[in-house]
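This report walks through a two-part chain and its contacts. Please keep the sequence and model open while reading.

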Amino acid sequence: MIVDTGNYDVIIERGALENAGRYIHNVTGSCRCLVSTDTNVSPLYLHALEKSLMSSGLDVAKAFVFDAGEESKNLEVLKKLLVHMADEGLTRSDIVIALGGGVTGDLTGFASSVYLRGIRFVQIPTTMLAAVDSSVGGKTAVDLGSYKNTVGAFHEPALVLCDPDTLKTLSEEQMACGMAEAIKMGYICDSKLLDLMKSSCNRDEIIETVIERCVNDKAEIVSEDFRDNGIRQKLNLGHTVGHAVEALSDFSVLHGMAVASGMALITKAAANRGYCEPEIYDDMTDILKKYGLDPYLYLRYSPEEISGAAMHDKKKRGGMITIVIPTGYGNSRLLTIQATELIDFIRDGFDNGNDSE
Ligand SMILES: NC(=O)c1ccc[n+]([C@@H]2O[C@H](COP(=O)([O-])OP(=O)(O)OC[C@H]3O[C@@H](n4cnc5c(N)ncnc54)[C@H](O)[C@@H]3O)[C@@H](O)[C@H]2O)c1
Ligand SMILES: [Zn+2]
């Protein structure tokens with residue numbers, strides 16, 4: 001299936017990796033291409049990709065392989081990638097291909113946005129998180145020390161090629177993290193996606209449809225607010241608390257896991273404050289558990305710790321902070337509050353929060 005985002009296509013197809021060369025050539029024509037990937041993904045999929053690129057007549061440069069993990073999403077690795085691109089003689093008409101998860105996509109996308117003032121790049125997401133979220137929307141960045149995604153650019157890919165078969169090698173935890181972002185999308189704007197995820201007995205059977213719906217939803221939101229000044233902020237549902245939980249755990253809690261519990265906390269608070277029915281929260285915790293996510297993980301920390309950590313969030317603008325709250329099943333709204341009020345909001349989420357017993 002193909003999702004047309006307006007500026008580029010997202011192709012979601014089992015086995016697409018084998019046909020990557022043909023799909024990419026259709027978009028770029030003859031050119032030199034350089035694959036950027038990490039040390040986990042390279043032994044799994046780099047060979048198949050390069051073979052397909054070559055068989056389609058594309059000129060393949062030496063791949064750039066960096067150490068897997070968020071620690072590589074920094075200016076030093078970015079510089080190495082840029083030097084490698086120059087050493088390999090990439091010109092304005094050539095392309096870079098990001099083969100991997102969100103780290104690879106963000107790093108490689110940003111490199112392509114600044115190299116020779118911007119060249120084209122292709123995303124081949126190989127994590128569920130990258131497939132449903134980070135590969136679409138044109139946000140690219142690296143971290144600046146502990147300041148996440150602080151140096152970056154808006155730079156849309158020329159093509160996104162998603163082969164769901166590549167997700168088979170993901171760990172259960174990584175898969176669950178991607179599912180958390182998909183459930184997030186359901187609560188932001190897609191009740192049909194929630195229905196599907198709630199009713200399905202076989203995760204593997206619904207993966208393509210889940211990816212397709214998320215890509216469609218995200219593309220629609222992004223097309224209304226590319227530069228993230230309004231409705232695009234809805235994509236942060238669960239993220240204010242989620243980022244705080246990630247930071248408090250010294251990043252031992254994975255992003256998707258933290259976001260899942262952040263969503264549960266904010267939804268509990270929203271229900272307690274009358275913004276949504278209590279059933280919305282009950283449904284949400286059921287779906288999260290079904291996909292291997294712990295809604296109550298935030299209980300490891302106090303409301304004071306969470307709001308303290310959330311205050312460092314870059315989403316704070318002036319003295320105000322915008323949070324996203326579900327208002328129904330597949331509906332949400334933005335709520336801008338004084339940053340000082342966040343602690344009360346979070347306390348309301350803790351009220352009866354430990355109904356896990
Ligand atoms: N640009 C955006 O819009 C956007 C949106 C959300 C998240 N992000 C960013 O995405 C990053 C997180 O993405 P992620 O969770 O994909 O992280 P990741 O890229 O680090 O991938 C997670 C792990 O899975 C491994 N992996 C990747 N594909 C695999 C496969 N098919 N089989 C086995 N292992 C595989 C990776 O090597 C890594 O160890 C963060 O840096 C976050 O800031 C960006
Ligand atoms: Zn996220």
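Four salt bridges are counted between domain 1 and domain 2. A salt bridge here is a side-chain nitrogen of Lys or Arg within 4 Å of a carboxyl oxygen of Asp or Glu. Glu208 and Arg14 meet in a salt bridge through their side chains, at 3.0 Å from N to O. Seven residue pairs are in polar contact between domain 1 and domain 2, both residues at pLDDT 80 or more. A polar contact is a pair of N or O atoms within 3.5 Å; within protein, one must be able to donate a hydrogen and the other to accept it, and residues adjacent in sequence count only if both atoms are side-chain atoms.

On the side of domain 1 that touches domain 2, the elements giving two or more residues are β2 (9-12), α5 (128-134) and β9 (147-154). Of these, α5 gives the most, with six residues. Helices (H or I, at least four residues) and strands (E, at least two) are DSSP runs, numbered from the N terminus.

The model is predicted: local features need pLDDT of at least 70, side-chain atom pairs count only at pLDDT 80 or more, and totals for chains, interfaces and linings use all residues. Residues are numbered from 1 along each chain as its sequence is written, chains are lettered from A and ligands numbered from 1 in the order in which they are written, and side-chain values use heavy atoms, with hydrogens and water left out.

## Domains

Domain 1 covers 2-168 and domain 2 covers 172-350. These bounds come from an automatic or database domain assignment. The domain centres, taken over C-alpha atoms, are 27 Å apart. In contact across the boundary are 22 residues of domain 1 and 25 residues of domain 2. Contact means heavy atoms within 4.5 Å.

The area buried between the domains is about 2100 Å², and carbon and sulfur atoms give 68% of it. Within domain 1, Met128, Val132 and Phe154 lose the most area to domain 2, together 29% of what that side buries. Buried area is the accessible area (1.4 Å probe) that two parts lose on being put together, summed over both.

## Zinc site

Which residues coordinate the zinc ion (ligand 2)? Glu181 (OE), His239 (NE2) and His255 (NE2) do, at 2.0 to 2.1 Å. Donors are N, O and S atoms within 2.8 Å of the metal (3.2 Å for Na, K and Ca); water is not among the atoms, so sites may look incomplete. The donor spacing in sequence is E-x57-H-x15-H. Glu181 sits in helix α6 (residues 172-189) and His255 in helix α10 (residues 255-272), so this pair ties together parts 74 residues apart in sequence. Glu181 is buried, at 2% relative accessible area. Buried means under 20% relative accessible area, exposed over 50%, and partly exposed in between (1.4 Å probe, protein chains only).

## Salt bridges

The total count is 19 salt bridges. Three of them are tabulated here.

| Pair | N to O distance | Separation in sequence |
|---|---|---|
| Glu304 and Arg347 | 3.0 Å | 43 residues |

Lys148 is partly exposed at 26%, and Glu70 is partly exposed at 30%. In the second pair, Arg213 is partly exposed at 29%, whereas Asp190 is buried at 4%. In the third, Glu304 is partly exposed at 42% and Arg347 is partly exposed at 38%. Salt bridges that share partners join Glu70, Lys73, Asp106, Asp143 and Lys148 into one network.

## Loop and backbone details

Asn74 lies in the loop between β5 and α3 (75-87) and is buried at 18%. A polar atom of the Asn74 side chain lies 3.0 Å from the backbone nitrogen of Glu76. For the backbone nitrogen of Val77, the distance is 2.8 Å. Beyond four places in sequence, Asn74 touches Leu107, Val142 and Asp143.

Leu116 is not a glycine, yet has a positive phi of about 50°. Leu116 is in the loop between α4 (102-114) and β7 (120-125). Asn149, in strand β9, also has a positive phi, near 50°.
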